[in-house]
Amino acid sequence: MVLMLSRSDLEQVLSMGDMIDSLEEAFKELALGKVFIIPRSIVVLPKEEGWIGIMPAYGMNSFSTKIVTLYTKNFERNLPTIMGTIVLNDPVTGAVLAIMDGTFITGMRTGGLGGLAAKYLSRKDSSTVGIFGAGTQAKTQLVALKEVRNISDAMVYDSVRERAKSYVDEMSKKLDLQIKIADEPRDILRASDIVVTVSTSKTPLFDGKEIRPGTHINAFGNYKPDERELDTETILKSRVFVDYEEAALSEAGDLIIPINEGKFRRDEIIGNLGEVLLGSKPGRTSAKEITLFKSVGLGIQDCAAASLAYRNAVRKKIGINVDLN
Ligand SMILES: NC(=O)c1ccc[n+]([C@@H]2O[C@H](COP(=O)([O-])OP(=O)(O)OC[C@H]3O[C@@H](n4cnc5c(N)ncnc54)[C@H](O)[C@@H]3O)[C@@H](O)[C@H]2O)c1
């Protein structure tokens, strides 16, 4: 039997707190070399401005594959930019255990990783969040930051003001939080202890000269080597951490472009988040420094989320069992 889990099933079995804990274990395993992942493998459809990719991963004794699409024009169609489906297999036999919605899980595991990075890299007294991009991922980023820090105020900037307005309407009620709309990018930098970049912009969102000392930046948007959300200045003035060096150095234009300009070296990356979690690399070392976590997204995040969802769903008897044979 294969357990089918819809978005509403997943909403009942995945909490952000548990998601962050599960990612913490997964990233420790990744840093210890116990995780097996391959680079994201994608087929691009230029005419549709879209691509489909597969992301298999093994870790924490779980085995999953996400099939994911990214269609940049979907916002106009009232569809998510990123959609996915996850297959969870038994690591011993290979048999399919579950098939579940990967769109909700993408939001949870991406937001959850933002929360985890901020828990270890942002100042403990961080209380203000500024977000660039008011789309799907921006929602779970804020939910996760509220889990790990005492957030009192948030601000959002989107190049399409209507999207920022909808975001504020939805998220201020949901989180009982004051959220303002920024008129311009620099408003976010002036007001925020934690800055999140999670837009679909292909060019830098702000002038790195304006980042305040002590800021933590969670950079989650663009993962194409020739595009970026952050300028070179931002990279140069930050202590830079990544999710996984191999992936970041092949996908993250935020880092690859400054490296190709000869202004930043790969050995200037302090380390990956798992190393910080294990204590083998120092995280934040002063209240004044600027820390930056760049994530391109890894299959192991989906694997951690899918196995957590599966275990909880079995325990709570949620979902529909289907015989595919
Ligand atoms: N690192 C990861 O694991 C991970 C996971 C999922 C998505 N992503 C990335 O996160 C980004 C956002 O994904 P999403 O699903 O929320 O997309 P989305 O389409 O729902 O939202 C993106 C938002 O960014 C806004 N935007 C575009 N250019 C901007 C600019 N210059 N300034 C401010 N706002 C701007 C758009 O108007 C839109 O509201 C994408 O780049 C996606 O590839 C990363």
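Met60 counts as buried because 20 C-beta neighbours lie inside 10 Å of its own, where a residue is called buried if 20 or more other C-beta atoms, placed from the backbone, lie within 10 Å of its own C-beta, exposed if 12 or fewer do, and partly exposed in between. Met60 lies in the loop between strand S4 (50-59) and strand S5 (62-71), helices (H or I, at least four residues) and strands (E, at least two) being DSSP runs numbered from the N terminus. Although Met60 is not a glycine, its phi is positive, at about 50°. Most residues other than glycine have a negative phi. The model is a predicted one, in which local features need pLDDT of at least 70 and side-chain atom pairs count only at pLDDT 80 or more, while totals for chains, interfaces and linings use all residues. Residues are numbered from 1 along each chain as its sequence is written.

The protein chain is divided into domain 1 (2-106 + 300-322) and domain 2 (108-297), with bounds that come from an automatic or database domain assignment. The C-alpha centres of the two domains lie 22 Å apart, and their contact takes 23 residues from domain 1 and 25 residues from domain 2, two residues being in contact if their C-beta atoms, placed from the backbone, lie within 7 Å. On the side of domain 1 that touches domain 2, the elements giving two or more residues are helix H2 (16-31), H3 and helix H11 (299-316), and the largest share, 10 residues, comes from H2. This side of domain 1 divides into 15 nonpolar, five polar and three charged residues, where Ala, Val, Leu, Ile, Met, Phe, Trp, Tyr, Cys and Pro count as nonpolar, Asp, Glu, Lys and Arg as charged, and the others, Gly among them, as polar.

For helix H5 (residues 161-175), the 15 residues should span 21 Å, in agreement with end C-alpha atoms that are 21 Å apart.

The buried residues of H5 are Ala164, Tyr167 and Met171. They cover an arc of only 60° around the axis, which puts them on the same side of H5, the arc being that of the directions from the helix axis to the C-beta atoms. On the other side of H5, Glu162, Asp169 and Lys173 are exposed. What covers the buried residues of H5 includes H4, strand S9 (153-157) and strand S10 (178-181). H5 is followed by Asp176, which is found in the loop between H5 and S10 and has a positive phi of about 50° although it is not a glycine. Asp176 is exposed because 8 other C-beta atoms lie within 10 Å.

Helix H9 (residues 253-260) is largely enclosed by the rest of the structure, because six of its eight residues are buried. The buried residues of H9, namely Gly253, Asp254, Leu255, Ile256, Ile257 and Pro258, pack against strand S12 (216-219), helix H7 (232-236), helix H8 (245-251) and strand S15 (291-294). H9 is followed by Gly262, whose phi is positive, near 80°.

Met4 lies in strand S1 (residues 2-5) and counts as partly exposed, with 16 C-beta neighbours inside 10 Å. When residues up to four places away in sequence are not counted, Met4 touches Ile99, Gly319, Ile320 and Val322. The C-alpha atoms of Met4 and Val96, which are 92 residues apart along the chain, are separated by 11 Å.

Note on methods
The expected span of a helix is 1.5 Å times one less than its number of residues.
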